[in-house]
Amino acid sequence: MDRRGHRIRSVREDSIAWEEGVEPGMYLVSVNGTPVEDVFDYRFLMNDSHVDVLIAEENGEETLLSVDKDPDEDFGVEFENGLMDDYRSCCNRCIFCFIDQMPKGMRKTLYFKDDDSRLSFLQGNYVTLTNMDDHDLDRIIRYRMEPINISVQTTDPALRVRMLRNRFAGGLLPKMRRLKEAGIAMNGQIVLCRGWNDGAELDRTIRDLTAFLPEMQSVSVVPVGLSRFRDGLEDLEPFTPEDAAGVIDQIEGWQKKIWSRLEASYVPEPGEDTPDLMRGAPRHFVHASDEWYLLAGRPLPPADRYDGFLQYENGVGMLRLLQAESDAAISAFEEKAASGALEVKPRHVTSVCGTLAAPFIEEVMNKTAAAFPRIRVDVVPVVNHFFGESITVTGLVTGRDLIAALLERKRRGKDLGEEILVPVNMLRAGERVFLDDRTVEDVERETGLPVRVVWDSGEDTVRAALGLAPGKNEDRQTYE
């Protein structure tokens with residue numbers, strides 16, 4: 001925020017602001033005499049039928065606009081900073097932080113550690129609550145900024161201080177109680193570190209978090225990611241397949257207990273079609289991410305075990321949902337083809353992904369090819385040499401590793417087909433840039449083939465294989 005207010009980047013034509021003569025480069029100072037701290041203040045204060053908006057020009061000259069409007073009518077401006085405030089950085093030094101495990105020389109935004117509750121609400125980011133005071137909690141409650149996604153790790157105050165390396169990290173539970181008492185929906189995340197917060201400590205954490213039901217809607221348990229750039233950091237050990245099997249057994253045991261407890265006490269409202277989580281509807285509550293099942297060599301749980309995929313962005317049920325969506329899409333396109341409403345032309349393409357998802361992407365593509373024999377899709381799992389081979393998720397594949405994998409395939413005499421399919425979560429949000437600043441255009445130049453960015457749903461995966469237009473044209477909502 002500038003000392004003059006919040007600088008306006010653009011004004012929508014025919015909007016209220018446009019009609020009032022507001023122009024890009026001007027500043028919003030206050031609404032109804034109240035200074036605007038951030039976007040939540042702005043939205044809250046503007047949600048009225050009459051507002052007095054104080055606007056300042058570059059030279060400091062101020063104009064008070066008295067506006068009558070519908071309560072939910074947009075004023076029509078966009079600000080240079082979408083949050084209308086500085087992003088809050090993390091004050092922790094967590095032993096598992098992936099940002100600390102990145103090499104030097106990458107773009108600056110990749111080294112910014114956010115810990116901003118507003119981004120938790122707007123974009124689903126997880127926050128530790130360590131840098132929040134009573135004023136911040138008051139605003140969350142006042143503006144109903146929910147759900148708030150909380151990076152829990154452990155409910156043992158002393159252990160949390162050690163893991164987050166922040167002497168204030170032990171004050172988590174009182175803040176969560178305040179949110180619960182105000183009826184604010186929450187989701188939790190536990191990054192599991194071997195020998196730290198697993199085993200009996202994980203039992204304790206899950207048990208403690210059940211006290212925050214029903215406001216605490218779900219909890220995910222994900223394994224710590226360990227890159228090869230860990231010099232000078234805490235010595236953490238990777239989980240073994242046997243460890244993963246134990247974690248799954250532990251979590252599934254809790255799922256049964258929690259489901260039975262909630263099922264026994266929940267009374268549906270008359271005519272209720274969808275169980276109300278905020279009234280304590282039955283749910284499994286705690287979930288193991290897909291990585292645990294793949295590491296243990298176990299099949300993924302059925303779709304109904306994921307409680308509506310509340311923890312999808314944490315890799316919980318992502319592959320199961322991909323399977324369900326792609327199966328439905330294949331069936332729908334088969335019906336269209338049979339009726340003559342869809343013509344599928346011969347097509348040979350290469351689809352790339354991280355090694356973790358490769359068997360599932362290959363299954364989707366094989367089913368697609370079986371339904372449409374004129375289609376051929378070769379799946380290339382990209383080994384992560386940049387961060388280390390233990391990093392297997394698609395979202396951390398770099399452009400250089402992707403290009404190397406494709407060129408190696410060509411050197412072995414493998415035909416890449418007519419197009420490369422690249423999943424959107426390999427790219428920076430809203431751009432065509434990989435983590436290492438290689439671009440989609442770099443891939444096209446090196447391979448001599450066009451690249452198609454594939455959106456993150458099973459339907460669009462099938463659409464890309466068939467060469468059909470995407471079903472949506474929007475990017476992930478993420479913050480870097």
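**Entry 1: before starting**

I reminded myself that this is a predicted model.

**Entry 2: strand β9**

I began with β9, residues 186–192. How many of its residues are buried? I checked each one, and seven of seven are. Then I sorted the side chains by direction. Met186, Gly188, Ile190 and Leu192 point one way, and Asn187, Gln189 and Val191 point the other way.

Next I looked up the partners of β9. Strand β8, residues 148–151, runs parallel to β9 and is joined to it by four bridges. One of the pairs I found is Ile148 with Met186 in β9. Strand β10, residues 216–223, is also parallel to β9, with seven bridges between them. How does the chain get from β9 to β10? It passes through helix α7, residues 200–209, in a right-handed β-α-β crossover.

**Entry 3: the four-stranded sheet**

I moved on to an open sheet of four strands. Which order do the strands take? I read it as β13-β12-β14-β15, with parallel pairing. The edge strands are β13 (375–382) and β15, each pairing on one side only. Neighbouring strands here are turned against each other by 30 degrees on average, direction ignored.

I zoomed in on the β14 and β15 pair. Four bridges join β14 (residues 420–423) to β15 (residues 451–454), and the two run parallel. Val422 has Val453 as its bridge partner in β15, and Ile420 stands opposite Val451. Are the faces of β15 covered or open? Both are covered: Val451 and Val453 are buried on one side, and Arg452 and Val454 are buried on the other.

**Entry 4: helix α13 and Glu444**

Helix α13, residues 440–447, sits in a right-handed β-α-β unit with β14 and β15. I picked out Glu444, which is found in this helix. Is Glu444 buried or partly exposed? Its relative accessibility is 24%, so Glu444 counts as partly exposed. The cut-off for buried is under 20%.

I also listed its contacts. Leaving aside neighbours within four places in sequence, Glu444 touches Arg432, Leu449, Pro450 and Val451. Then I checked Glu444 against Ile420: they are 24 residues apart in sequence, and 8.4 Å apart in space, C-alpha to C-alpha.

In α12, residues 399–411, I stopped at Arg409. Is Arg409 buried or exposed? Arg409 is buried, with a relative accessible area of 15%. Setting aside neighbours within four places in sequence, I found Arg409 in contact with Asp378, Val380, Lys414 and Leu416.

**Entry 5: helix α14 and its neighbours**

Last stop was α14. Eight of its nine residues are buried, which makes α14 mostly covered. The buried ones are Gly458, Asp460, Thr461, Val462, Arg463, Ala464, Ala465 and Leu466. What do they pack against? I wrote down α10, β12, α11, β13, β14 and β15.

I then compared α14 (residues 458–466) with α10 (residues 318–339). Their axes come within 7 Å and cross at roughly 50 degrees. That angle makes α10 and α14 oblique to each other. The crossing of α10 past α14 is right-handed.

Which residues meet there? From α10 I noted Leu322, Glu325, Ser326, Ala329, Ile330 and Phe333. From α14 they meet Gly458, Glu459, Thr461, Val462, Arg463 and Leu466. A point I kept in mind while reading these lists: an α-helix has 3.6 residues a turn, so residues three or four places apart point the same way.

One more detail came up just past the end of α14. Gly467 takes a positive phi of about 80 degrees there.

Technical notes:
Residues numbered from 1 in each chain as written. Predicted model: local features only at pLDDT ≥ 70, side-chain atom pairs only at ≥ 80, totals over all residues. Heavy atoms only, no water. Buried < 20%, exposed > 50% of the residue type's maximum accessible area, 1.4 Å probe, protein only. Pairing = 2+ DSSP bridges. Right-handed = clockwise from strand over helix to strand, strands pointing away. Contact = heavy atoms within 4.5 Å. Axes fitted to C-alpha atoms, helices over the stretch in contact; angles between N-to-C directions. Parallel < 35°, antiparallel > 145°, perpendicular 65-115°, else oblique. Left-handed = near helix turned anticlockwise from the far one by under 90°.
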